[in-house]
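Subject: Structure handover

Hello,

Here is the structure for your files. My notes on it follow below.

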Amino acid sequence: MSPRRSVADALTTRSAILDRSVAIASLEGLEGLTIGRLATELGMSKSGVLGHFGSKEALQLAVLERAGEVFRAEVWEPVVTAPPGLPRLAALCEAWISYLEREVFPGGCFFVAAAHEFDGREGAVRDAIEVRFDVWAARLRKEAGRAVEAGDLPGDTDPADLAFELTGLIMALNHALQLHRDPRAPGRARRAVQARLGPVRTPGA
């Protein structure tokens with residue numbers, strides 16, 4: 001077997017491990033991941049699974065990264081072409097709601113679940129989760145700030161406050177969908193976002 005083929009096979013195997021790990025962790029938490037379980041489900045040896053990551057913590061961090069790739073593809077990438085400011089912020093909120101409504105992850109928002117699991121702990125996994133929330137909040141603040149500068153939101157709007165409120169709305173939606181299985185929750189979330197952001201002005205209009 002050529003070295004190039006060996007590397008490609010290793011990457012394919014690693015990707016399969018991560019995909020299965022994300023599915024498990026979405027429903028059972030990052031601590032639900034065990035090397036033995038993954039080996040059994042994937043038809044591998046424990047050493048074969050562990051060899052791709054080195055430790056359970058490294059596996060958890062890699063799973064967070066893979067889940068982040070999915071989130072970006074579902075929520076951020078579809079709206080990057082929207083005009084900056086309120087149009088992009090509104091489109092982002094719609095994509096965020098849709099991501100939960102469509103159950104992209106079977107256990108709801110992967111990162112909300114991970115935060116609940118690790119927020120009272122210390123360590124690299126908790127820190128990685130916190131960083132992801134911080135980066136996302138910064139993105140929300142940036143678009144809110146642009147909307148204020150453009151006059152699409154009241155001048156006294158605090159971008160940090162708005163980011164906080166929008167995050168709270170989405171967390172409430174996640175809770176309603178996952179705990180209560182409430183099919184009306186996405187509609188409520190959309191109405192709440194629309195009430196908070198107001199009408200979206202078409203650029204040039």
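In these notes a residue is called buried when its relative accessible area is under 20%, exposed when over 50%, and partly exposed in between, using a 1.4 Å probe and protein chains only. Helices are DSSP runs of H or I with at least four residues, numbered from the N terminus.

This is a predicted model: local features need pLDDT of at least 70 and side-chain atom pairs count only at pLDDT 80 or more, while totals for chains, interfaces and linings use all residues. Residues are numbered from 1 along each chain as its sequence is written, and side-chain values use heavy atoms, with hydrogens and water left out.

Helix α9

Helix α9 covers residues 185-197. Its 13 residues reach 18 Å from the first C-alpha to the last, close to the 18 Å expected at 1.5 Å a residue (the expected span is 1.5 Å times one less than the number of residues). The buried residues of α9 are A185, P186, A189, V193 and L197. They sit on the same side of α9 because they cover an arc of only 100° around the axis, the arc being that of the directions from the helix axis to the C-beta atoms. These buried residues pack against α5 and α8 (159-178), where contact means heavy atoms within 4.5 Å. Exposed residues R191, Q194 and A195 lie on the face of α9 turned away from its buried side. Just after α9, G198 has a positive phi of about 80°.

Helices α5 and α7

The axes of α5 (residues 86-101) and α7 (residues 124-149) come within 7 Å and cross at roughly 140°. Axes here are lines fitted to C-alpha atoms, for helices over the stretch in contact, with angles from 0 to 180 degrees between N-to-C directions. From α5, L86, R88, L89, L92 and W96 meet W136, L140, E143, A144, R146 and A147 of α7. The residues of this contact divide into eight nonpolar, no polar and three charged. Nonpolar covers Ala, Val, Leu, Ile, Met, Phe, Trp, Tyr, Cys and Pro, charged covers Asp, Glu, Lys and Arg, and the others, Gly among them, count as polar.

Cysteines

How many disulfides does a search of the whole structure find? It finds zero, a disulfide being a pair of cysteine sulfur atoms within 2.5 Å. The sulfur of C93 has its closest cysteine sulfur in C109, 13 Å away, too far for a bond. C93 is buried, with a relative accessible area of 1%, and C109 is buried at 7%.

Residue S26

S26 belongs to helix α1 (residues 3-28) and is buried, with a relative accessible area of 6%. Leaving aside residues up to four places away in sequence, S26 touches F105, P106, G107, G108 and F110.

Regards

How values were computed
Helix = DSSP H or I, 4+ residues; strand = E, 2+ residues; numbered from the N terminus.
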